[in-house]
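Biologist: I am new to this structure, and I would like to go through some of its helices with you. Could we take them by question and answer?

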Amino acid sequence: MIPVTTASGRRMAVFGLGRSGLATCAALSAGGAEVLAWDDGAAARETAVASGQSVTDLRDADWASIDALVLAPGVPLTHPEPHWTVTAALAADVEVIGDTELFFRERAARAPDAPVIAITGTNGKSTTTALTGHLINAAGGQAQVGGNIGTAVLSLADFDAAGPARPSAVYVLELSSYQIDLTPTLNPTVGVLLNISPDHIERHGTFDRYAAIKQRLPNEADRAVVGIDDRASRAIAASLGAEQRPVTVSVNDPSATLLLEDRTFSVGAGVDVYDGPQKLTYSLEDNLTLPGAHNGQNAMAAVAAALSVGVGAGDAAILQTGLDTFPGLAHRMELIGKLGDVLVFNDSKATNADSADKALGSFEGGIHWIAGGLAKDGGITALAQHFHRIERVYLIGEAADRFAAEIDDAFPVTLSGTLDQAVADAASGAAQSGATQPVILLSPACASFDQFPNFERRGDAFVSAIATLPGLTPLGRLLDKDDGGHG
């Protein structure tokens with residue numbers, strides 16, 4: 001835990017008592033603050049009390065006596081309208097911040113040299129965050145990985161745990177647009193912006209506002225790493241100018257600092273992230289856990305971020321080992337196993353067409369695609385560029401009929417209905433494929449809420465169904481289970 005000593009003696013309201021909210025309460029209390037915690041949900045309040053945290057109804061609070069409101073990132077700050085606690089706080093001239101702001105204030109006060117890599121993007125940020133942490137650990141470093149992924153930022157190891165001067169730990173944080181918006185003193189050592197596409201507009205009002213929030217990460221970092229394969233990110237990289245000289249990564253732009261060519265990329269001598277005498281070259285050619293061009297971009301960004309904090313400089317083999325051993329991230333193009341020559345991937349996190357686009361583009365052909373669920377605006381018409389890669393689709397959930405109509409006769413359609421049936425149908429279909437490397441791919445392009453409470457439960461159900469198939473060679477988490485691990 002990182003005790004928030006910068007709030008010692010202050011009266012701090014905390015709204016939203018999920019994982020990050022409870023961690024915030026504990027860190028503030030440990031630092032000497034008075035905490036007034038509340039949540040609109042009775043179940044969340046009961047969980048907080050059971051964990052030892054007292055709760056105070058903020059509707060009855062004297063806001064004039066409160067020093068700050070720490071808002072959970074999932075709670076509306078501005079759109080579609082400010083949450084009632086935000087309205088109350090602003091009316092009393094109380095600042096509204098998030099747990100990541102407390103992290104950066106504490107770092108500035110107690111460990112300003114602590115290296116922090118902060119990563120954002122519409123897509124790929126979780127994979128890149130996990131991969132960056134893995135690269136650092138595989139190189140013998142100590143990565144503290146958290147934020148929007150896994151561990152709440154204030155639950156990470158304290159700055160002083162490895163010495164007050166310059167901790168050996170590198171903090172690797174995934175930051176959503178919500179978190180960035182609540183972090184006015186954001187100042188990472190390295191700010192990674194992967195890409196920007198329309199998302200969360202209902203929470204930010206317009207695409208331009210959403211992009212401007214994302215832009216704060218590279219703008220306010222000591223060193224920026226920016227993907228330039230979309231128009232908005234390319235414009236942001238150009239706006240940083242000569243002073244900041246961002247490291248750019250791309251899968252198709254030869255002007256980029258790091259360019260993916262034939263699944264390899266190089267960092268040349270004299271580049272900002274690397275001062276060594278010789279070019280460092282990395283390969284993803286035989287890597288099955290980072291398939292596709294989008295994961296190539298993720299890998300380049302992770303390598304650039306690691307080099308930027310001094311990890312892996314001078315010897316490409318140091319970070320290559322990390323790339324080769326990365327197990328992948330659950331529900332994000334997660335390699336589950338093989339059925340003969342058929343590779344099986346769980347990409348349940350693809351809850352929209354843009355995410356599914358990345359998955360479908362990862363393979364040349366032979367795709368047996370499981371899609372459907374609760375459809376979002378736009379359907380799957382944007383995926384037409386990949387239709388030639390798909391041998392057959394197995395449709396599930398509420399979107400099945402709509403997607404079948406959009407596909408028309410582009411390729412064969414099976415209306416499986418349920419995920420278990422889709423797995424059985426896809427296994428049968430893929431076994432008859434004439435492709436060199438057939439693939440069963442769960443990449444729904446839909447929310448899960450018609451049949452599952454979240455994409456994680458949907459992905460776990462897929463993995464469980466795959467695990468029952470005869471002839472499966474388990475990989476990833478299934479291999480870990482076979483070896484006696486915890487999955």
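Biologist: What should I know about how the model was made and how its residues are numbered?

Modeller: This is a predicted model, in which local features need pLDDT of at least 70 and side-chain atom pairs count only at pLDDT 80 or more, while totals for chains, interfaces and linings use all residues. Side-chain values use heavy atoms, with hydrogens and water left out, and residues are numbered from 1 along each chain as its sequence is written.

Biologist: What span does helix H1 reach from its first C-alpha to its last?

Modeller: Helices (H or I, at least four residues) and strands (E, at least two) are DSSP runs, numbered from the N terminus, and H1 covers residues 19–30, which is 12 residues.

Biologist: Which strands and which helix are included in what covers the buried residues of H1?

Modeller: Buried means under 20% relative accessible area, exposed means over 50%, and partly exposed lies in between (1.4 Å probe, protein chains only). In H1 the buried residues are Ser20, Gly21, Ala23, Thr24, Cys25, Ala27 and Leu28. Their cover, where contact means heavy atoms within 4.5 Å, includes strand E1 (11–15), strand E2 (34–38), strand E3 (68–71) and helix H4 (99–110).

Biologist: How do H5 and H10 pack, and which hand does their crossing have?

Modeller: Two packed helices are described by the angle between their axes and the distance between the axes. Axes are lines fitted to C-alpha atoms, for helices over the stretch in contact, with angles from 0 to 180 degrees between N-to-C directions; for H5 (residues 125–138) and H10 (residues 292–308) the angle is about 45 degrees and the axes are 9 Å apart. That makes H5 oblique to H10, given that angles under 35 degrees count as roughly parallel, over 145 as roughly antiparallel, 65 to 115 as roughly perpendicular and the rest as oblique. With a crossing called left-handed if the near helix is turned anticlockwise from the far one by less than a right angle, and right-handed if clockwise, the crossing of H5 and H10 is right-handed.

Biologist: Is alanine 305 buried or exposed?

Modeller: Alanine 305 is found in helix H10, and, leaving aside its neighbours within four places in sequence, it is in contact with Ile117, Thr132, Val190 and Val192. Its relative accessible area is 0%, so alanine 305 is buried.

Biologist: How many of the residues of helix H12 are buried?

Modeller: The buried residues of H12 (residues 353–360) are Ala353, Ser355, Ala356, Asp357, Ala359 and Leu360, and what covers them includes H10, strand E16 (367–372), strand E17 (390–396) and strand E19 (439–442). H12 is largely enclosed by the rest of the structure, because the buried count, out of 8 residues, is 6.

Biologist: What separation do the C-alpha atoms of proline 412 and arginine 392 have?

Modeller: Proline 412 has its place in the loop between helix H13 (400–407) and strand E18 (413–417), and it is partly exposed, with a relative accessible area of 37%. Leaving aside neighbours within four places in sequence, proline 412 is in contact with Glu391, Arg392 and Val393. Although proline 412 and arginine 392 are 20 residues apart along the chain, their C-alpha atoms are separated by 4.9 Å.

Notes
The expected span of a helix is 1.5 Å times one less than its number of residues.
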